[in-house]
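I've opened a new model today and I'm jotting down what I look up as I go. Let me put the structure in first.

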Amino acid sequence: MSEYSCLVVEDSPMMRQLLVFALARLKNLRVTEADDGVDGLKKLASAKFDIILTDINMPIMDGLKLVKRVRSDPTHKDTPIVIITTEGASEDRQRALQLGANAYITKPIQAPQVIATVKELLRIE
Amino acid sequence: MGEGTKRNSAPPPDLMRERDEVLQSFSRGAKLTEQFMQEYSRIREHALDLEESNARLRAQLEADDALAKLLGKVERLEQERQDLLRRTERAEKAKVSFDERFGEVENEFASLANLFVASNQLHASLTPRGVVRRIKEILAQLVGAEAYAMYIASSDGKELVPVASEGVPGELLVPLPLEGSSVGAVVHSRQAVIDEERETNQIDFERPPVIIPLGVDDTTVGAIVIFGTLEQKPRFSHTDFELFKLLGQHAAAALVGAALFEQAGRRLPGAEAFRDVSV
């Protein structure tokens, strides 16, 4: 039975698949996928998640707006959020952290880094 | 007895002598007794001294025995300590070895995951545009390429035409001759060129660090050229080399397959198309 639940919000199917593969290394972690910010909010409306991983650059609703919406929702205001950015997008990264994101991962993503970040935020040994 | 007889009260000389002798003898006896008492006292003191000395020696012996036992115990404990230290050292070495192996397995897993996802994505589209988008995504998101271009050989086989790029100035995106260009040489040789000596995060359009020939079956149809990587990616990893191999072997095949499918009006072949494929 899953002990933790994770929402991955990423528009690129490849990146999403890669994140799901990386997170599959963590036992007791159930992963739900969302295509963009709007889809992510829909998933958040129907379930509570222990952690959210979101890309910044996405169509329809980007990661920054998603972070803002999540933090203003009392149900998810304390849910750890990890943003996925490119190295050059330091302004977006700073903005996301100001809005309440807890950590960031830069692309190209490395599975060990994803695992370590999630484990740290969920305090998994 | 007559009146005129005087009575002599003085003791006779014999008695006097005898008395003197008795007195002398008594005096000698007293002296001997005194000497004897002194000797007795001395012997008693000596006996007491001996007893004390004996007690001390016994205590010393007991203490020595306890010390010997303690020393034996200390020696055993020291041996146990050394044994524990050796075991701890072995356990630490095993842990380090396990951690290293675990790290290697994790990295290998990450590498395989990247390759699986890249391969899966390359063949997930049947439109040339979709395939190109996925190739670009692999280069940008998995390899960390910042400036790159993909060239396909023209139908006359004389030029390499750029069909996709990122981070390359427009004036540089021109057809390259198959003869006389570094990219053309790689296409001819069918051997990838990867410069592992220098840092790749400095974009270099003159001397690109990576040129990968793209093959379909036994034919080379083009090349992917990486001019530079993202700032945080100064070196290629083992996974990148595997991705280069994957792209070299599958990217062109996926692209050609998608192009042919498009040319066929996106009609899927019927069973008759596979009539002669049985082996």
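This is a predicted model: local features need pLDDT of at least 70, side-chain atom pairs count only at pLDDT 80 or more; totals for chains, interfaces and linings use all residues.

**Entry 1: an exposed residue.** I started at A:Asn28, which is exposed because 11 other C-beta atoms lie within 10 Å. A:Asn28 lies in the loop between helix 1 (13-23) and strand 2 (29-34) of chain A. I take helices (H or I, at least four residues) and strands (E, at least two) as DSSP runs, numbered from the N terminus. Phi of A:Asn28 is near 60°, a positive value in a residue other than glycine.

**Ground rules.** Residues are numbered from 1 along each chain as its sequence is written, and chains are lettered from A and ligands numbered from 1 in the order in which they are written.

Entry 2: Most residues other than glycine have a negative phi, and most peptide bonds are trans. I found that A:Ile60 has a positive phi too, near 65°. A:Ile60 sits in the loop between strand 3 (51-55) and helix 3 (63-72) of chain A, and A:Ile60 counts as exposed because it has 11 other C-beta atoms within 10 Å. Then I checked the peptide bond from A:Lys107 to A:Pro108, and it is cis, with omega near 0°. A:Pro108 is in the loop between strand 5 (103-107) and helix 5 (111-122) of chain A.

**Entry 3: chain B overall.** How many helices and strands does chain B have? I get 4 helices and 6 strands, in the order α-α-β-β-β-α-β-β-β-α from the N terminus on. Its radius of gyration (taken over C-alpha atoms) is 58 Å, well over the 19 Å that the globule rule gives for 279 residues, so chain B is more spread out than a compact globule. That rule is 2.2 Å times the number of residues to the power 0.38. The C-alpha trace of chain B spans about 200 × 50 × 25 Å along its principal axes. Of its 279 residues, 23% count as buried.

I also looked at B:Glu62, in helix 1 of chain B. B:Glu62 and B:Glu108 are 46 residues apart in sequence and, C-alpha to C-alpha, 67 Å apart in space.

**Entry 4: where the chains meet.** The contact takes 19 residues from chain B and 16 residues from chain A. Two residues are in contact if their C-beta atoms, placed from the backbone, lie within 7 Å. On the chain B side, helix 1 gives the most, with 9 residues.

**Entry 5: the core.** Last, I looked up the largest nonpolar core, which has 77 residues. Such a core is a set of buried Ala, Val, Leu, Ile, Met, Phe, Trp, Tyr and Cys residues joined through C-beta atoms within 7 Å. Those with the most contacts inside this core include A:Leu53 and B:Tyr148. Helix 4 (residues 238-263) of chain B gives the most to this core, with 8 residues. Leaving out residues up to four places away in sequence, A:Leu53 touches A:Cys6, A:Val8, A:Val9, A:Leu19, A:Val82 and A:Ile84.

Terms used:
A residue is buried if 20 or more other C-beta atoms lie within 10 Å of its own, exposed if 12 or fewer, and partly exposed in between; C-beta atoms are placed from the backbone.
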